[in-house]
Amino acid sequence: MQSQGHQARYYIDTGPISDKLWAQRAGLGWIAKNSNLITREYGSWVFLGEILTDLDLTPDRPHLQHCGTCTRCLDACPTQALPAPFVVDANRCIAYHTIENRAAELPGAIAVNLHNWVAGCDICQDVCPWNQRFAQPTNIDDFQPYPENVAPSLKELAQLSEADWSQRFRASALRRIKPAMWQRNAKANLASPSAEFSNPGPI
Ligand code: B12
Ligand code: SF4
Ligand code: SF4
């Protein structure tokens, strides 16, 4: 992109840019022990993006870290994917396995610990006091989930067809999870002792 002699390029979880690091340096929030960036206004419920530009701008002050002595996220992770503050072991992370792992079966230690998660995992964010006490709901309509995807049925997802997948996840980051992966994730939940069938899979 070029405007009045200046160049710019933008990324939103799309390029080899460390989103959290630059957000912290730009004063938006801090990289927390659960490894996500926490803002004072929205907790960690934010998407990060950046514009790279050769414009001469005055930098903001980097944000300070406010986790203190809290370790709720480390204690709550069901698969011990946060072995130390700020460190995510992706091999143990439900988010990695449900979204990125394309194998036909999930590793056993993940499959038995899914706790209804079929697309990513927010446990280490749900327990965070900054999200529980201070985060505000968004007023941006585009960030609302499609109604048919709120509290979906695991049984339905376990049979998800290509056509249903295409319709339900149109213009959605969830398209990264292919129909066979939805089926695998839902079936693993249905077979898992950690599943809570009264409140089927959050996505
Ligand atoms: C790979 C990746 C994953 C992997 C690995 C996660 C990880 N934490 O490393 C997996 C698939 C597991 C994953 C999961 C999730 N992800 Co992800 N992921 C990414 C991605 C593409 C790259 C991150 C990465 O590993 N970069 C490489 C490493 C080397 O860089 P880094 O982690 O940023 O760390 C650097 C700095 O942050 C800094 N640093 C790291 N720790 C610390 C600590 C301190 C104190 C300091 C000062 C600096 C510092 O040093 C590092 C080296 O430069 C980013 C998008 C992006 N382009 O940045 C999204 C991103 C981090 N993911 C995001 C999200 C939302 C998630 C999930 C919540 C999704 C979900 N609901 O399931 C989970 C959360 C899991 C978790 N607890 O972190 C958001 C986070 C938003 C936020 N508020 O922070 C991002 C920023 C995407 C976006 N633009 O919105 N993700
Ligand atoms: S996203 Fe889930 S599995 Fe991954 S570190 Fe957080 S709580 Fe653990
Ligand atoms: S739960 Fe506690 S330690 Fe974890 S990110 Fe939130 S404030 Fe930090």
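A polar contact is a pair of N or O atoms within 3.5 Å; within protein, one must be able to donate a hydrogen and the other to accept it, and residues adjacent in sequence count only if both atoms are side-chain atoms. The model is predicted, so local features need pLDDT of at least 70 and side-chain atom pairs pLDDT 80 or more, while totals for chains, interfaces and linings use all residues. Residues are numbered from 1 along each chain as its sequence is written, chains are lettered from A and ligands numbered from 1 in the order written, and side-chain values use heavy atoms, without hydrogens and water.

**View 1. Polar contacts of ligand 1.** The side chain of D19 places an N or O atom 2.7 Å from a nitrogen atom of ligand 1. An oxygen atom of ligand 1 is 2.7 Å from a polar side-chain atom of S18. At S44, a polar backbone atom lies 3.2 Å from a nitrogen atom of the ligand.

**View 2. Elements around ligand 1.** Two or more residues of the shell come from each of α1 (19–25), α3 (94–99) and α5 (123–126); helices are DSSP runs of H or I with at least four residues, numbered from the N terminus. The largest contribution, 3 residues, is that of α1.

View 3. Ligand 1 has 26 residues around it, with S18, D19, S35, L37 and D122 the closest; a residue counts if one of its heavy atoms lies within 4 Å. Ligand 1 lies between domain 1 (2–53) and domain 2 (72–136 + 152–190) because both give residues to its shell; the bounds come from an automatic or database domain assignment.

**View 4. The shell of ligand 2.** Among the residues surrounding ligand 2 are C77, C93, C121 and C124.
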